[in-house]
Amino acid sequence: MTDCDHLVEVAPAHWTELRNLFQCDWPKHEFAYYLLGNYVSWKRLHEPLDVKCYALNDGWRKNGSFVLKDGFEIYFYSKDDDKNCTTLVQLLSQIRWNSFDEISMDYLEKFHPAVEKIISNKYLTVSSSKLAHYYFMPKEQALALRSSTMPNGFTLSKLLPKDLDTIYAQWPLRNHISYEAGYGLLKRLILLNETVGLFNAKGELVSWCLSDQTGAHSDLQTLPAYCRKGYGRLVVEELAKRLARSGSDSKAYVLHDNEKSIKLFESVGFRKIQNLHWVVVNARQ
């Protein structure tokens, strides 16, 4: 880090160019590709987003390093293969961490040394830290999936805002993230991203799966009364197919101790390619 280091905003007009830097060595950099692609899509929908993307000293074309801030969430990536994550540490060091009440980060395990250094240097408090298996399925494989048998009277449909209260009530992260931030996040994913819900003959939502800002299957849940019937598998398969038809591969981040979900995704055909960390930090007062 030098005294000359500073953050330079990457204007939304350049987000597509930045995204395209990560098409090489597929799927090595797909995390960054789909993350940026998601926000490019949201911008095209003319959503009023409080989203900013920054690079270090305007060097993103050279090293493919960026940080993206979306409300209480921060995402970052670098194509540099430096094990010490030097460029990323320099980049993250420029963030005003003490201006946030809480900061949530999803990042690849190879970037964990950079996060540990920032936590130490910026005196951040870790309020939650989770390790997840990172599963991946190419779109060609998703398109070839044989769908599980649909139970009589049930239907698969895109989720709507009316389903939000049911989804939030079962959301496992509601005790780790504030109500305002968590509820708002789920609402936006339902409105803007591909989602799948399984509804019974009465039109009641019983199982669902969303896709998050990085393009990953997320928030997979089934109401307790409907568990162990294969409904979770139905929505996972359907979401993978819908994403594939739109040109996207599928992926999922499954907590390392969630044996049920691990078995589900592996049985569908997802394969683990790496680990991912989910960390929530607070600035020390």
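## Before you start

Since this is a predicted model, local features need pLDDT of at least 70 and side-chain atom pairs count only at pLDDT 80 or more, while totals for chains, interfaces and linings use all residues. Residues are numbered from 1 along each chain as its sequence is written, and side-chain values use heavy atoms, with hydrogens and water left out.

Helices (H or I, at least four residues) and strands (E, at least two) are DSSP runs, numbered from the N terminus. A residue is called buried under 20% relative accessible area, exposed over 50%, and partly exposed in between (1.4 Å probe, protein chains only).

Most residues other than glycine have a negative phi, and most peptide bonds are trans. Here are some spots that go the other way. The peptide bond from W26 to P27 is cis, with omega near 5°. P27 itself sits in the loop between α1 (15-20) and α2 (30-44).

Then there's Y123, not a glycine, yet with a positive phi of about 55°. You'll find Y123 in the loop between α5 (112-121) and β6 (124-137), and it is exposed, at 55% relative accessible area. D219, also not a glycine, has a positive phi near 55°. D219 belongs to strand β10 (residues 217-222) and is buried, with a relative accessible area of 17%.

## Two pockets

A pocket comes from a 1 Å grid over the protein atoms alone: it is an open set of points where a 1.4 Å probe fits, with protein on both sides within 12 Å along at least five of seven lines, and lining residues have an atom within 4 Å of a point. Grid points are joined across faces, edges and corners, and a volume is the space filled by probe spheres set on the points. For the linings, Ala, Val, Leu, Ile, Met, Phe, Trp, Tyr, Cys and Pro count as nonpolar, Asp, Glu, Lys and Arg as charged, and the others, Gly among them, as polar.

The largest pocket holds about 1100 Å³ of space. It is lined by 46 residues, and the closest to its centre are P172, D219, L220, Y253 and N258. So D219 turns up again, as one of the residues closest to the centre of the largest pocket, and it is buried because its relative accessible area is 17%. The lining of the largest pocket divides into 23 nonpolar, 12 polar and 11 charged residues.The second largest pocket has a volume of about 450 Å³. Its lining has 22 residues, with N38, S41, L243, S246 and S248 nearest the centre. Helix α2 gives the most to the lining of the second largest pocket, with 8 residues. That lining divides into 6 nonpolar, 9 polar and 7 charged residues.

## A buried aspartate

D163 lies in the loop between β7 (155-157) and α7 (164-169). With a relative accessible area of 5%, D163 is buried. Leaving aside residues up to four places away in sequence, D163 touches F199 and L205, where contact means heavy atoms within 4.5 Å.

## Rings in pairs

Rings of Phe, Tyr and Trp (its six-membered ring) pair if their centres lie within 6.5 Å; planes under 30 degrees apart count as stacked, over 60 as edge-to-face and the rest as tilted. By this rule there are 18 aromatic pairs. Take W26 and Y34: their ring centres are 5.6 Å apart and their planes stand at 80°, so the pair is edge-to-face. W26 is partly exposed at 35% relative accessible area, whereas Y34 is buried at 12%.

Y168 and Y179 also make an edge-to-face pair, 5.3 Å centre to centre with 90° between the planes. Y168 lies in helix α7 and Y179 in helix α8 (residues 179-192), so the pair ties together parts that are 11 residues apart in sequence. Y168 is buried, at 12% relative accessibility, while Y179 is exposed, at 52%. Elsewhere, ring pairs link F22, F31, F66, F76, Y77, Y107 and F111 into a cluster.

Why is β4 (residues 73-77) described as largely enclosed by the rest of the structure? Because 5 of its 5 residues are buried. In a regular strand the side chains alternate between the two faces of the sheet. In β4, E73, Y75 and Y77 point one way, and I74 and F76 the other way.

Two strands pair if DSSP finds at least two bridges between them. Strand β3 (residues 66-70) runs antiparallel to β4, over 5 bridges, and D70 stands opposite E73. The hairpin of β3 and β4 has 2 residues between the strands, and G71 takes a positive phi near 60° there. β4 also pairs with strand β5 (residues 103-108), in the parallel sense over 2 bridges, with I74 opposite M105.
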